[in-house]
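User: Could you walk me through how the strands are put together here? I'm new to this, so please go step by step.

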Amino acid sequence: MAAIHKQHWTPEEYIAYERASEEKHIFLNGEIFSMTGASRKHNLIGFNLTTILGNRLKGQPCEAYANDMRVKISPKQYTYPDISVVCAEPEFEDIELDTLLNPTLIIEVLSPSTEQYDRGKKFESYRSLDSLQEYVLVAQDRAHIERYVRQDGGNWLFSEVNGLEASLDLASIQCTLTLADVYDKVTFDAEPSTFE
């Protein structure tokens, strides 16, 4: 991600800039960062997840949004999760309805350039959202999904699943993901047979 040059942006300046832009940007502590394109695997996984959730949530009160729905974490931070789901009445920052305030579930597809941020500072920021009940990290180099679930008292419980035969229950939205569906059409590099 590359910063857009200016000393300091206000949240209002960021929103005006973002709405006029053809590209997406995140906002962090007064700086605007352009978002780069995603890999083929990232796009396939994101599309698969969006399709699965869209189908499973039909007739349910939850709404799922793909990576174009901006989420406001605080006045100092706006971001675009790969997928966000809201099961309460959706709350938005203003009448434009393009900045969600109350996601129930956030899913990020991990990329080499953002994995550390998604696991660390970004997750730390997401945890400040009272509405967030589950945070899911999806690997793209292997069939592996990590899940964090908010517990009573504010602690987060970690679990993970591996392999295309595995499945993952998303309790916050009453949905089960099978990894074979999540990774449909995704190929993985062969593992080396020996260590060098």
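Analyst: Happy to! This is a predicted model.

User: How many bridges join E4 to E7?
Analyst: E4 and E7 run antiparallel, and the number of bridges joining them is 3.

User: Which residue is the bridge partner of isoleucine 83 in E9?
Analyst: E7 also pairs with E9, in the antiparallel sense and over 3 bridges. In E9, the partner of isoleucine 83 is isoleucine 107.

User: Are Ile83, Ser84, Val85 and Val86 of E7 buried or exposed?
Analyst: Ile83 and Val85 point one way from the strand, while Ser84 and Val86 point the other way. Whichever way they point, all of them are buried.

User: What is the order of the strands in the open sheet?
Analyst: The sheet has 6 strands with mixed pairing. Strands E4 (63–65) and E12 (156–162) each have a single partner strand, so they stand at the edges, with one side of each left without a neighbour in the sheet. Reading across, the order is E4-E7-E9-E10-E11-E12.

User: By what angle are neighbouring strands of this sheet turned against each other on average?
Analyst: Direction is ignored for this value. The average turn is 15°.

User: Which helix packs on the sheet?
Analyst: Look for the one touching E4, E7, E9 and E10. Its direction makes about 155° with that of E9. The helix, covering residues 40–56, is H2.

Terms used
Residues are numbered from 1 along each chain as its sequence is written. This is a predicted model: local features need pLDDT of at least 70, side-chain atom pairs count only at pLDDT 80 or more; totals for chains, interfaces and linings use all residues. Side-chain values use heavy atoms; hydrogens and water are left out. Two strands pair if DSSP finds at least two bridges between them. Helices (H or I, at least four residues) and strands (E, at least two) are DSSP runs, numbered from the N terminus. Axes are lines fitted to C-alpha atoms, for helices over the stretch in contact, and angles run from 0 to 180 degrees between N-to-C directions. Contact means heavy atoms within 4.5 Å. Buried means under 20% relative accessible area, exposed over 50%, partly exposed in between (1.4 Å probe, protein chains only).
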